[in-house]
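This briefing is meant for a reader who is new to the structure. Please have the sequence and the model at hand while going through the points.

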Amino acid sequence: MLRLIWKNAWRSRRRTVLTILSVAVSLFLLSTMLCYLSSGEQQLESAGASLRVVTRHQTSLTFFLPEAYTAKIAAVPHVTVVQGCVWWGGQIKGKEMSLFMSTIAADLEPTEKMWDDYRFEPGVLDKMRGELRGAVIARRALERAREQEGWEIGKTVTMTSPIFKHDIELLLLGTCEGPDESIVLFRRDYLEKVRGNPGQIGYFWARVDKAENIPGVCRDVDAMFANSESETKTETEKAFMQSFMSMMGNIEDLVRNIGLAVVAMILMVAANTMAMVARERTTEHAVMRCLGFTRGRIAVLFISESVLISLLGAAVGVGGAVLLYRPGKFDAGGMAPFFHMTPSTTATGLLVALGVGLVAGAAPAIAAARRSVVDGLRRVD
Amino acid sequence: MGLILKYNIRNLFVRRVSTLMTLAGVAMVVAVFLVLMALAQGILSIGETTGDPLQAIILQKGTNAETSSGIPDEAADEAENVGMVERDPNGPIVARDLFIVIMLPRPDGGAPANLVVRGVTGRAFDIRPEVKVDGGKRPRGSDIIVGRPLSKRFAHLNVGDKVHFGKRDWNVIGHFDADGQAWESEVWVDLPEIQADANRKNTVSSLFVRLNRPEDLEALNEQLEKSANTKQLKAMTVRDYFKGQTGTAQMLQVVGGFITFLLSLGAGLGAMNTMYAAVGNRAREIGTLRALGFGRFTILVSFLFESALIGLAGGALGCLIALPVNGLQTGTMNWVSFTETAFSFRITPAMLGVGLGIGGLVGAVGGFLPALAAARRPILASLRAT
């Protein structure tokens, strides 16, 4: 039986290969889009487990908070460590749009405790203590900047900002690895010096001792600064990230709808192939019925062939995506750190192929099974 | 030739199912292409329509966005009075704006997002005649006006609502339209009020001016350079300023191109299947045509025509599927100011033409090898085929 299905599938080799290729290309595209969707979800998930909260100006992130808030937030019960940060938004001088790097000026001392999900090259934070212009760069970001700009550890690089007026010169001291593979971290006291010591913080990270204390800390911090010159808004890392994603617009919905269109297209191609196959084999099916094959048997044979073809397409398309989008291998220029095929995206791709195979085979199979033997035999091509 | 083309068209109807499915596949490709390009076009058109060639924006040097620009009153006073700026009986037509970013929740309770609050004077309306407020209202005191598209994207921005940002509650007294220009994504507030509220007294972010002639831009910059007060300022055209903020559109075009290419490949392979079957089933007919004296080239062209016709029809269907998104409101992040820009999908006639072209091309490319096979087959072999 399996042999028959296999043999049948390859009777018109050209047609089968073309169908498999068509299904493969489209499934590859679908896998790419699924990767995009799941990378957003994973980013949120990894943020959801974090014990960090963010305190920003109540009006929006573009308003600064006074440096003096550092000690006040640190004094709130259950807060273990506080770090003042400024999003500097660094770009390579002269090639502003070439690489996306999350360049952040941060208080140096709390770094190790705060960024516990990052692995810093041993000794690099100590080196930063002795070097005002020192910076640590994510390993992946360095690799890309090395390719494009010849960046190396030990080199001094000039970066410019879309937000601040002054350029900065950073001495690259070492690398780190962590969820955000586009990060460049440098000392906030250096930025202060460059800007003439205004004592301004963009946002604070605060670490809370236990997850159940997070809501209390958020409330207490905001209550402390209520009715002051600079009111604050404190929220979890996940909520903070969600608000950025929300600003990206309805891209996720758009991607989902395009995904549906892609699935519809695969279905058209596969169903067309199977309809052609069915037409060619009308007489043959009738002969098989005469030989004792039941209606159901013929339908099963036919649908199996259809499923086989789409699964072969999936093997090429989804398999190609799995190979290409390996973890850490592909990250869309640093914009999508989690851009890789997870077991669930792979499974979704395969399920779509299975579904397409079933549906594409079903209509011709039912028609073929229903046709009376006499009709089938009588037909002349 | 006319006869044989008629024969091709009739054949499309004979194998209805196959034709329809191939056509629908191509339609999907073209629809996806158009939707993505309409999105990109919507963003681009903000940069293309905002301001006019005579309008210039003056910012602090070293910044490329109003977000990070600060101009003290003395510098603004001096810059206003340089000669190149258009005047009316009340003096130079200069809008002093303060650009503030605030965060507001979504109407459905979703994660909040950033948007622009612009502190304006009466001059803002003189220089931007495209801004039309319901009932001609102006922001005064705590009364503010809101770009119409924003009212659906953020909570508390309907007329009559009270909205809290900065240090107090503000009253939304009206919505305004601006012919799709960037202002529609903004909340406009009386300048002195927001200066006080945001602790930005005596400074503005930008000056919008109208030049007497386009070539005056250079002269304006030279003039600014001359005085100690205005040395820190630079002017550029409003068009250039907003064009610099449409980076998302380029990204969409690249992504859209990639998706369209892969999908076209998939649909093209499907079309190839269809055409190989068509050629195979009609072997005897092809032989007959050849015996009647139709040349190989005619056969090639006729089958290419048949295939391209399926593609074109698919392209047309794709256009029909995509057309309803034209004008649909949506929003995206402006990567320069980190605020949300509202815009609508925009399908242009040129895009529809490209969509049809893609459909025809997918059909023609997919049909090429099968048509070649049909043309090449010897007459006798064709006639003998069962």
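How far apart do the C-alpha centres of domain 1 of chain A and domain 2 of chain A lie? They lie 48 Å apart. The model is predicted, so local features need pLDDT of at least 70 and side-chain atom pairs count only at pLDDT 80 or more, while totals for chains, interfaces and linings use all residues. Residues are numbered from 1 along each chain as its sequence is written, chains are lettered from A and ligands numbered from 1 in the order in which they are written, and side-chain values use heavy atoms, with hydrogens and water left out.

**Domains**

- Chain A is divided into domain 1 (2-44 + 249-378) and domain 2 (59-230), with bounds that come from an automatic or database domain assignment.
- Chain B is divided into domain 1 (2-48 + 246-384) and domain 2 (62-231).
- In chain B, the centres of domain 1 and domain 2, taken over C-alpha atoms, are separated by 46 Å.
- The contact (heavy atoms within 4.5 Å) takes 11 residues from domain 1 of chain B and 16 residues from domain 2 of chain B.
- These two domains of chain B bury about 1000 Å² between them, 53% of it on carbon and sulfur atoms; buried area is the accessible area (1.4 Å probe) that two parts lose on being put together, summed over both.
- Thr339(B), Glu340(B) and Ala342(B) supply 49% of the area that domain 1 of chain B buries against domain 2 of chain B, more than any other three residues.
- Across this domain interface of chain B there are 2 salt bridges, a salt bridge being a side-chain nitrogen of Lys or Arg within 4 Å of a carboxyl oxygen of Asp or Glu.
- Glu340(B) also meets Arg106(B) in a salt bridge between their side chains (2.6 Å, N to O).

**Interface between the chains**

- In the contact between the chains, 56 residues of chain B meet 46 residues of chain A.
- Chain B and chain A bury about 4500 Å² between them, and carbon and sulfur atoms give 68% of this area.
- Met21(B), Met103(B) and Asn273(B) supply 13% of the area that chain B buries against chain A, more than any other three residues.
- The interface of chain B and chain A has 1 salt bridge by the rule.
- Glu229(A) and Lys167(B) form a salt bridge through their side chains (3.8 Å, N to O).

**Aromatic rings**

- Over all chains the structure holds 17 aromatic pairs, counted for rings of Phe, Tyr and Trp (its six-membered ring) with centres within 6.5 Å; planes under 30 degrees apart count as stacked, over 60 as edge-to-face and the rest as tilted.
- The rings of Trp205(A) and Phe240(A) form an edge-to-face pair, because their centres are 6.2 Å apart and their planes stand at 75°.
- Trp205(A) and Phe240(A) are both buried, where buried means under 20% relative accessible area, exposed over 50% and partly exposed in between (1.4 Å probe, protein chains only).
- Phe125(B) and Trp188(B) have ring centres 5.2 Å apart and planes at 70°, so this pair is edge-to-face.
- Phe125(B) and Trp188(B) are both buried.
- Trp183(B), Phe208(B), Tyr241(B) and Phe242(B) are linked into a cluster by ring pairs.

**Positive phi**

- Asn197(A) is not a glycine, yet has a positive phi of about 50°; this residue is exposed, with a relative accessible area of 56%.
- Asn227(A), also not a glycine, has a positive phi of about 60° and is exposed, with a relative accessible area of 74%.
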